[in-house]
Amino acid sequence: MIKEVVAKSINDQINKEYYSSYLYLSMSAYFEAEGLKGFANWMRIQAKEESDHAEKFFNYLNERGGRVELKAIEQVPTDFDGIVKVFDQVLEHEEMITASINDMMDVAFEAKDHATKSFLQWFVDEQVEEEATVGDIINSIKLIKGDGQGILMMDRELGSRVYTQSV
Ligand code: FEO
């Protein structure tokens with residue numbers, strides 16, 4: 001049976017992953033309203049991936065005999081201030097999620113819960129990838145410097161992202 005302290009950290013993380021999903025869906029709605037369909041597509045897929053992350057934790061906690069407790073999702077921002085600031089916000093948010101996963105790893109270590117440590121490793125690796133991807137997008141946006149043609153090209157590129165289910 002999973003220790004209470006580990007179960008609590010998983011339940012807290014389920015909430016954070018659903019918040020992330022809701023945040024990115026809100027960003028997708030913003031881009032949609034701005035006529036940036038490719039950016040909107042990228043964010044919508046990002047939202048789905050976050051929901052998958054939540055389900056991964058959900059399934060794992062059930063598997064370990066823990067009790068999943070879904071809490072209210074905090075209000076997300078509904079208005080944003082341009083492409084650059086949105087992606088800066090995404091990076092900042094992902095860095096917070098990375099810190100949270102690292103804290104969970106510490107909890108699992110202290111509880112000597114080797115199964116949870118092994119399970120969390122996927123998320124540790126995933127966060128490295130997520131931060132790098134967002135960092136690349138930010139670099140491209142900076143290179144474009146608001147040029148319309150460049151934004152159009154990026155919108156096309158981000159529009160080609162396809163969702164792959166991971167749960
Ligand atoms: Fe589920 Fe983007 O971290």
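Let's start with one residue. Glu-32 has a relative accessibility of 37%, so it counts as partly exposed. Keep in mind that this is a predicted model.

Which residue does Glu-32 pair with? Its salt-bridge partner is Lys-37. The closest N and O atoms of Glu-32 and Lys-37 lie 2.7 Å apart. Lys-37 itself counts as exposed, because its relative accessibility is 56%.

Some background on pairs like this. Side chains of opposite charge can pair when their charged atoms come close.

How many salt bridges are there in the whole structure? The search finds five. I'll show two others.

Next, Arg-161 and Glu-49. Their side chains meet in a salt bridge, with 3.3 Å from N to O. Where do these two sit in the chain? Glu-49 is in helix H2, which covers residues 37-63. Arg-161 is in the segment after helix H5, and that helix covers 148-159. Is Glu-49 buried or exposed? Glu-49 is buried, because its relative accessibility of 18% falls under the 20% cut-off.

Now the last pair, Lys-85 and Asp-81. These two form a salt bridge as well, and the closest N and O atoms are 2.9 Å apart. Look at the accessibility of each partner. Lys-85 has a relative accessible area of 47%, which makes it partly exposed. Asp-81 stands at 52%, so it counts as exposed.

To recap the pairs: Glu-32 with Lys-37, Arg-161 with Glu-49, and Lys-85 with Asp-81. Please find them in the structure above.

Definitions and conventions. Residues numbered from 1 in each chain as written. Predicted model: local features only at pLDDT ≥ 70, side-chain atom pairs only at ≥ 80, totals over all residues. Heavy atoms only, no water. Salt bridge = Lys/Arg side-chain N within 4 Å of Asp/Glu carboxyl O. Buried < 20%, exposed > 50% of the residue type's maximum accessible area, 1.4 Å probe, protein only. Helix = DSSP H or I, 4+ residues; strand = E, 2+ residues; numbered from the N terminus.
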